[in-house]
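Visitor: Please show me this model and walk me through its parts.

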Amino acid sequence: MSAAFQPYRRARDFGTPKRESQRQVTLTIDGVTVTVPEGTTVLRAAAEAGINIPKLCATDSLEPFGSCRLCLVEIQGAKGLPASCTTEVREGMVVTTQSKRLADVRRNVMELYISDHPLDCLTCPTNGDCELQDMAGAVGLREVRYGYDGANHFGAKKDESNPYFTFDPTKCIVCSRCVRACEEIQGTFALTIDGRGFASKVAASQNQPFLDSECVSCGACVQACPTATLTEKSLIELGQPEHYVVTTCAYCGVGCSFRAEMKGEQVVKMVPNKDGHANHGHSCVKGRFAFGYATHKDRITKPMIRNSIHEPWKEVSWEEAISFTAKKFKEIQAKYGRHAIGGITSSRCTNEETYLVQKLVRAAFGNNNVDTCARVCHSPTGYGLKTTLGESAGTQAFDSVMKADVIMVIGANPPDAHPVFASQLKRRVRQGAKLIVVDPRATDLVRSPHIEADYHLALRPGTNVAVLNAMAHVIISEGLEDKEFIAARCERDAYEDWRAFILEERNSPEAVEKESGVPAETIRGAARLYASAPNAAIYYGLGVSEHSQGSTAVMAIANLAMCTGNLGREGVGVNPLRGQNNVQGSCDMGSFPHELPGYRHVSDPNVRKLFEQDWNVTIDPEPGLRIPNMFDAAIAGTFKGLYVQGEDVAQSDPDLNHVAKALSSLECMVVQDLFLNETAKFAHVFLPGSSFLEKNGTFTNAERRISRVRKVMKPLAGYEDWEVTQLLANAMGYPMSYSHPREIMEEIARLTPTFAGVSYEKLDELGSIQWPCNEKAPQGTPTMHVEEFVRGKGLFRVTPYVPTDERTNSKYPLLLTTGRILSQYNVGAQTRRTANVAWHSEDVLEIHPHDAEQRGIQTGDWVGLKSRAGETVLRALVTERVMPGVVYTTFHHPESGANVVTTDNSDWATNCPEYKVTAVQAYKVEKLSDWQQRFQSFTEQQLEFLRKARAGSEEAVG
Ligand code: SF4
Ligand code: SF4
Ligand code: SF4
Ligand code: FES
């Protein structure tokens, strides 16, 4: 895969999917000898030999269907003309793909299709890139004897309801590729072929407009459609792309690979890359369609400064902004000491950018006050997995799920938060794998078309550890453990301690039932299912980590996997589903205040020496401040300057009143971002950021997969983000002189054993690499802990359940838990600036009918939500997705203030906030909360300051 721009061409299509088999079959096609794995179709075997048989209903992302009859071939000794897309190869088979007879039949088939197809090729958006057009050419269609006057579909109405693609039924050839894509690839089952014969047509759900149907706008049908029936609106508007660049999605931790198909510097469409190792040609609505934010009018492209957050902004040159910042930071350090400033790295930026920010803090600021958003999401994963297994990352590749017999999903909602992985997981479940869902909500994995969890452990928020312990209790007390694995792979004494603990009566399902709300028999059934599977895999999310016992729960998960021998091969493992695109990478790159890149503690003199020699500085041996400590220190007056790259702590962190107070206490707050986000409203310096389309670098996804991010357009503000950090380091007096992120990766590889074998050349060659990649694993490591754990022997840890301090009482009788929704991403700064708002324009409060009725609340009512930390107002959605006593909301819209309500309780080991458990009361209200009213006026004031700065610069230009 080359790094450079490629001239546009449609990705090669082999007609039917690749098959894997130990047995090879040799046949002859048009006199050419071809050898392919058993199970391959004749159509694919021919394509692999460079022989293109005409086809319409077949495509290599879908199982063969055999409806169009265009791919017919002659096979020696066979009767009639079999369809090559549904005929598997046989040893010695002799196939002819071109003859007069075949040509006549194919032309006839095409004539029938074309007689019901508008002949408006010249004005059609897919003109020049249309399979139907290509096939008409391939079969030599010259006339249509049936004429165009008979019955046809030319009058059918276009469906323009979806914001991103149109459905024009006049062009449909009813090949079912879209229907099959929705079923086989996406797993949503939103489309059907309605009616029979000539009347048959594609229908979304109950013949509804796409937008109102079950369609989740993944675009798989658009990609599969061989005609212009389903077409991207951006393509209709901009015309065919001219070139493409392969890059990586900047939204979630799945890390889908895309072809950015371009016209000049304009993205025409984002097409999921068939060779992408994480997504295999699939994507979700965000990565495929929601890229418009990158050129949104709200982008700030000029640096701005001000002395106080109560003053208007002033647009300045880069030089002025950087020297203003460096001067302020130096003054603060001179006055309050070296530790009075710090930085927050971004999990949305590249590895190279994140690495540079932590280097800036350690080398130029001279302290370890650096932290990242993982503090508020997966820091317990780092702690828990490092302690038990020896490495702070997931153990498997996503593809491993296709070998799992039992899949347990805990505290994660992949169809919303990791949609492409969810499609793969659901495919495996449709193939017969069993599914256990541990979640207070009935997510789509509990029940949706063709998916039904075998067990749903609808536990009360905050009781993960109790339930996981109870599962382990069943496994050990019923003798279901893998004794051989435990004896060979785990520390004996630690196991014996854990075993004695887990067998205690307090961990039995019966004892846990009352606290967790999960019937003992359900826990027993799930435990037996998990333990008895040949391969059982665990996937978990923030519903595990964002608790006061987040780290304990991660260790309890590792204990479960170790005691059943479910580690160290494909189909098993412990897999944190990481939220942001590069949260794995930001942790790997040394974003935590106690760890240098590669998770090595700053107190280790040998590690420090390595970096000190390379960086030519002395590194502070003391861990620095975590984000919550930075806030506390700011309020206490000892922490005065903060550089935040691509994070929105004033929306994403808990107890926002506390955060706002901390940020307002800073003397120099520097925000580097695309938009004036919530945090930037408290800033004194705004440094414009660059989107993923404007930079080179790498992201690391949830499966440790490092993928290239490639620049497709110039940075709107002139610099890639790493260049801005470099300018700041130089202005602070620490020299940096990288000319390309490639050089930063070379430094990372030089200093980080797990990255030693990573280079841009190798990434270009292999497409992506899963770390560790070094001498021992030059091609990377898809599965970890294969022969031994990274720490040697696996370490069982005793995991006593300690109920959270956040208890319900008569004043706060409900438990609030928070999460995400498919169409929005994290704090929503990007997706709120795209047409994705069509699906989710505000955060709502899900409440069970029983609780709603008690409070006289109906769907659509304004509901006050009050906790010990704060109060906000949201609209209600009455639904049985949540259980009685539990309410749920998302945090994608700043004005809904979900995090005004969440408390500053946090994980005992890592300070990860307890977002998933907040005791609240909900009640009908008529007006916004006090906080929301203050928020509105503060926002208006800050936007006015921005307008004034922009108007000022226009006047100056004028
Ligand atoms: S919409 Fe496209 S993919 Fe679907 S049946 Fe019609 S032509 Fe085939
Ligand atoms: S966009 Fe995706 S979910 Fe919607 S109909 Fe097409 S394949 Fe199905
Ligand atoms: S948001 Fe996630 S699942 Fe969707 S396209 Fe991007 S990486 Fe893939
Ligand atoms: S491509 Fe084989 S029948 Fe359509």
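Predicted model: local features only at pLDDT ≥ 70, side-chain atom pairs only at ≥ 80, totals over all residues.

Visitor: Into which domains is the protein divided?
Guide: Domain bounds come from an automatic or database domain assignment. The division gives domain 1 (319-373 + 600-770), domain 2 (379-576) and domain 3 (814-927).

Visitor: What area do domain 1 and domain 3 bury between them?
Guide: Their C-alpha centres lie 31 Å apart. The contact (heavy atoms within 4.5 Å) takes 14 residues from domain 1 and 22 residues from domain 3. Buried area is the accessible area (1.4 Å probe) that two parts lose on being put together, summed over both. Of the area between domain 1 and domain 3, 53% is on carbon and sulfur atoms, and the total is about 1500 Å².

Visitor: Are helix 9 and helix 25 roughly parallel or roughly antiparallel?
Guide: Helices (H or I, at least four residues) and strands (E, at least two) are DSSP runs, numbered from the N terminus. Axes are lines fitted to C-alpha atoms, for helices over the stretch in contact, and angles run from 0 to 180 degrees between N-to-C directions. Helix 9 (residues 351-365) and helix 25 (residues 721-732) have axes 9 Å apart, at an angle of about 10°. Angles under 35 degrees count as roughly parallel, over 145 as roughly antiparallel, 65 to 115 as roughly perpendicular and the rest as oblique, so helix 9 and helix 25 are roughly parallel.

Visitor: How many nonpolar residues are in the contact of helix 9 with helix 25?
Guide: Ala, Val, Leu, Ile, Met, Phe, Trp, Tyr, Cys and Pro count as nonpolar, Asp, Glu, Lys and Arg as charged, and the others, Gly among them, as polar. Helix 9 brings residues including Leu356 and Phe365, and helix 25 brings residues including Trp722 and Met732. The contact has 1 polar and 2 charged residues, and its nonpolar count is 9.

Visitor: How many charged residues are in the contact of helix 4 with helix 12?
Guide: The axes come within 8 Å and cross at roughly 90°, so helix 4 and helix 12 are roughly perpendicular. Glu183, Glu184, Ile185 and Gln186 in helix 4 meet Ser423, Lys426, Arg427 and Arg430 in helix 12. By class, there are 1 nonpolar and 2 polar residues, and the charged count is 5.

Visitor: Which helices each supply at least two residues of the shell around ligand 2?
Guide: A residue is near a molecule if one of its heavy atoms lies within 4 Å of it. Residues around ligand 2 include Cys182, Gln186, Ala220 and Cys221. The shell has 9 nonpolar, 3 polar and no charged residues. The helices are helix 4 (177-186) and helix 5 (220-224).

Visitor: Which residues are closest to ligand 3?
Guide: Helix 7 (285-289) and helix 12 (419-430) give two or more residues to this shell. Around ligand 3 there are 13 residues, and the closest are Cys249, Tyr251, Cys252, Cys256 and Cys284.

Visitor: Which residue does a cis peptide bond join to tryptophan 771?
Guide: Most peptide bonds are trans. This one has an omega of about 0°.

How values were computed:
Residues numbered from 1 in each chain as written. Chains lettered and ligands numbered in written order. Heavy atoms only, no water.
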